[in-house]
Structures are given as C-alpha cells and as structure tokens.
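Reader: I have a protein model open and I am new to this. Could you show me how to read it, one feature at a time?

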Amino acid sequence: MVYGLYALLKLRVVVNRVVFIAIAYILLILLTAAIRNSSLILTITYLIFPLLPLAVYLFSFINYKEEYISFQRIFRTFFYIALIQLPVLLIQKNFYDVLIRFNNSTQKIEWYDFMFGTFFIKSDHSLGIFLLIVIAIILFKQEKVKRIIKYRYASIVYLGITLFMTESNISKLILVIILSTIIIIPLYIKYSKTLKFKIVVGLLVLAIVSAGYSVRNKDFIQKRLGGSLEQQFSLKNAERFYELGTAKRFHIVMVAYSKIKTKWIGDGPYSYFDIRTGKFKQTMHFTQLIWTYYDLGIFGLIVVFGYILSLIRYLDIDRGLPYMLFLGIFMIYAFYTTIFSDIAIIFGVFTIFNKPNFLKNQSIN
C-alpha cells in the first residue's frame with residue numbers, strides 16, 4: 001500500500017535487480033502451479049514468499065529515499081522492544097501450565113516452543129534473529145547509536161541473556177560467532193595477508209576439528225544429536241527416519257539427493273506443507289530451502305538463491321568477511337525456517353540494515 005501510494009503520487013516506479021528477480025519468482029510459482037494443477041488458493045497464498053520481502057524492500061527503499069523515518073528512531077523502537085523480551089520470556093517459562101490454557105491457535109505448543117516473547121507463536125527463530133540484529137548494531141555501529149545506548153556492554157549482556165532464554169540454538173551459536181568477530185575481524189584486517197596469520201588460522205581450524213572429532217561419541221553429544229554421528233549421517237538411517245516421518249532437515253537433504261529422482265520443476269505450491277490442513281508431506285519442518293525444492297524444484301532453488309543474494313546485496317553490509325558472515329547466517333535461517341514469510345525477520349533486517357547511499361545507484365523511471 002505504501003509503495004502503491006508512492007508510485008501514484010510521485011509517478012515513479014522502482015526498477016532494479018530485486019524487482020526483476022521477484023517477478024521471476026512469481027512467474028515460476030504460477031507456471032509450476034499450472035503444470036501441477038495446484039489449488040488456486042494454495043497458489044495465491046504461496047505468493048507471500050516473493051511478495052512479502054519485495055514489499056518490505058520497497059517500503060525501506062522509499063523510506064530512505066525520502067527520509068521519512070530516521071535510523072535512530074527505528075533503532076530506538078527496536079531496542080525498547082528487545083528490552084521487554086526478557087521479562088516476557090520469564091513469565092512464559094515459569095507460567096507455561098497456566099498460560100497454555102488460553103491457547104486458541106489450533107496449534108499444539110510444547111513448553112520448549114512457548115518461549116517466543118512478544119513475537120508470533122512458536123517464533124523463537126524470529127525473536128532470536130531480532131535480538132541478534134540489535135546486538136550487532138550495538139557492536140558494529142557504535143557511532144550511530146551512542147546517544148541511544150548509554151550502557152553498551154551492559155545492554156549486550158542483557159540481550160545475550162535474553163537470547164539464551166529462547167530455544168533457538170542456531171541463534172545462540174550465531175551470537176557466539178558474532179561476539180567472536182570483535183576479536184577476529186580487527187586481526188583479519190590487520191594481519192590477513194601475512195603468512196603467520198594464515199598458519200595460526202590453519203592450526204586453529206585443525207584444533208577445532210580435532211576437538212569436535214574427539215568428543216563426537218561422548219554421552220552429552222549423542223544425547224543432543226539423538227545418537228552417534230555415524231548413526232545420524234548414515235544414509236540407511238536417514239531413509240528410515242524419512243519413511244517414519246521423524247527425519248531431521250539434513251536427513252531430508254541426504255534422501256532427496258541420494259534416493260529421490262531430481263525435482264527440476266517441483267510438485268507445486270505448498271506440496272510439502274498443506275497450509276489449509278496443517279499437514280506435512282514428510283517430517284514436520286518449517287524451512288524455506290527444503291520447501292522450495294519440493295514445491296518448485298531445482299529451478300525454484302536457483303531463483304530463491306538469486307533472490308537472497310539480491311536482497312542482501314542491497315543491505316548496508318561491508319563487503320568481504322562481514323558480508324560473507326551475514327550471507328551465511330541468512331542461508332542458515334533459510335534452512336531452518338520459512339524466512340521469506342516471517343515479517344519480524346524481514347522487516348527487522350531491512351529497516352536496520354538499509355543502505356541510503358545505495359539508492360543513488362538504483363534505476364527509477
């Protein structure tokens with residue numbers, strides 16, 4: 001609606017790579033649906049995946065072109081939202097038995113899915129990435145937010161504790177990586193071209209791999225993974241879990257790669273998960289990449305990868321190691337959740353990491 005008003009009042013249309021890839025994504029969905037005779041309702045609903053990121057992108061594009069809302073105002077709002085999550089999580093954690101009685105969502109919510117703060121039901125990944133965004137800005141954009149964040153390190157500790165209250169293990173791991181970059185990135189910039197740095201990095205990677213290999217059969221590792229690494233990465237076991245409907249995401253990838261005929265086109269919108277009934281074709285997983293493969297095939301994955309790259313390229317992320325780190329994080333979340341339909345993630349990323357000076361290079365007719 002905002003973009004429509006902008007286009008009508010300003011008589012301007014945004015034309016660039018992001019828009020073209022979004023159109024290609026929409027056309028591929030419609031073409032696949034026509035070939036597979038998919039339901040019209042499912043097809044229209046599936047368009048949220050290209051349209052929601054496009055809408056948020058255009059909203060951010062317009063906001064920073066016209067400078068309606070400042071970065072500081074946006075960040076201050078996000079920071080206050082982040083601050084209230086810890087008390088809400090504590091209430092959800094300690095009063096699950098009482099609060100679950102008010103669940104009218106038609107979804108079964110276990111205790112470990114109940115800590116989603118003020119975000120959508122079972123959206124621990126959304127909350128996790130939102131907190132990561134706020135922490136990253138405090139760490140790496142200190143000059144921009146110094147008037148808002150008076151106690152920088154106390155804020156990071158507080159938000160870190162909040163994140164560790166959630167059940168988003170991926171977010172916890174990424175937080176550790178982000179905090180590590182405070183030391184790693186300055187060293188990388190200063191010493192990356194020296195032989196000594198390369199040797200130290202090589203030895204460190206070797207030490208981490210060796211440590212991981214040595215503890216692979218420890219009880220606490222097997223309990224967390226649900227068995228030994230050999231069992232988890234066995235194709236035979238992956239097939240069995242797949243048939244039982246208990247496969248993990250990487251099991252699905254193993255079976256799809258090794259045993260299932262390559263899906264170049266896909267089975268149609270919402271073929272993996274029927275949004276009308278809430279039933280899954282295989283294991284109950286929300287994942288952008290796996291859904292895309294089953295629904296739209298290899299061509300769909302190519303378009304989605306291109307969409308992700310074009311969206312991230314727009315953001316105010318420094319090229320080099322920071323860009324690769326951000327891209328890797330985005331891809332991980334795309335593997336673990338349906339990131340394109342999660343407005344908390346998409347809106348948070350684009351309003352915070354929008355890049356004003358990039359707008360000068362866009363084509364506007």
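Reader: What should I know about the model itself?

Author: This is a predicted model, where local features need pLDDT of at least 70, side-chain atom pairs count only at pLDDT 80 or more, and totals for chains, interfaces and linings use all residues. Residues are numbered from 1 along each chain as its sequence is written, and side-chain values use heavy atoms, with hydrogens and water left out.

Reader: How many helices and strands does the protein chain have?

Author: Helices (H or I, at least four residues) and strands (E, at least two) are DSSP runs, numbered from the N terminus. The protein chain has 19 helices and 4 strands. It has 365 residues, and 46% of them count as buried.

Reader: How do I read contacts?

Author: Contact means heavy atoms within 4.5 Å. Take the contacts in the protein chain between residues at least 6 apart in sequence: 70% of these join residues at least 24 apart.

Reader: Which residues touch the most other members of the largest nonpolar core?

Author: The general idea comes first. In soluble globular proteins, nonpolar side chains tend to be buried together. A nonpolar core is a set of buried Ala, Val, Leu, Ile, Met, Phe, Trp, Tyr and Cys residues joined through side-chain atoms within 4.5 Å. Here the largest such core has 97 residues, and Phe75 and Phe340 touch the most other members. Helix 17 (residues 288–314) gives the largest share of this core, 14 residues. Leaving out residues up to four places away in sequence, Phe75 touches Val134, Ile137, Ile138, Val145, Ile148, Ile149 and Ile352.

Reader: How do I describe two helices that pack together?

Author: Two packed helices are described by the angle between their axes and the distance between the axes. Axes are lines fitted to C-alpha atoms, for helices over the stretch in contact, and angles run from 0 to 180 degrees between N-to-C directions. Look at helix 2 (residues 17–36) and helix 4 (residues 48–66): they pack at an angle of about 160°, with their axes 9 Å apart. That makes helix 2 roughly antiparallel to helix 4. Angles under 35 degrees count as roughly parallel, over 145 as roughly antiparallel, 65 to 115 as roughly perpendicular and the rest as oblique.

Reader: Is the crossing of helix 2 and helix 4 left-handed or right-handed?

Author: A crossing is left-handed if the near helix is turned anticlockwise from the far one by less than a right angle, and right-handed if clockwise. The crossing of helix 2 and helix 4 is left-handed. Helix 2 brings Val18, Val19, Ala22, Tyr25, Ile26 and Ile29 to the contact, and helix 4 brings Phe49, Pro50, Leu51, Leu54, Tyr57 and Leu58. This contact has 12 nonpolar residues, no polar and no charged ones. Ala, Val, Leu, Ile, Met, Phe, Trp, Tyr, Cys and Pro count as nonpolar, Asp, Glu, Lys and Arg as charged, and the others, Gly among them, as polar.

Reader: At what angle do helix 17 and helix 18 pack?

Author: Helix 17 and helix 18 (residues 321–336) pack at about 155°, with their axes 11 Å apart. The two are therefore roughly antiparallel to each other. Helix 17 passes helix 18 in a right-handed crossing. Residues of helix 17 in the contact include Phe305, Ile308 and Arg313, and those of helix 18 include Tyr323 and Phe330. The contact divides into 13 nonpolar residues, 1 polar and 1 charged.

Reader: Is Asp124 buried or exposed?

Author: Asp124 is buried, with a relative accessible area of 10%. It is found in helix 8 (residues 124–140). Asp124 touches Met115, Phe116, Glu167 and Ser168, not counting residues up to four places away in sequence. Asp124 and Glu167 are 43 residues apart in sequence, yet their C-alpha atoms are 6.3 Å apart in space.

Reader: Where is Ser168?

Author: Ser168 lies in the loop between helix 10 (152–165) and helix 11 (169–191). Ser168 is buried, with a relative accessible area of 0%.

Note on methods:
Buried < 20%, exposed > 50% of the residue type's maximum accessible area, 1.4 Å probe, protein only.
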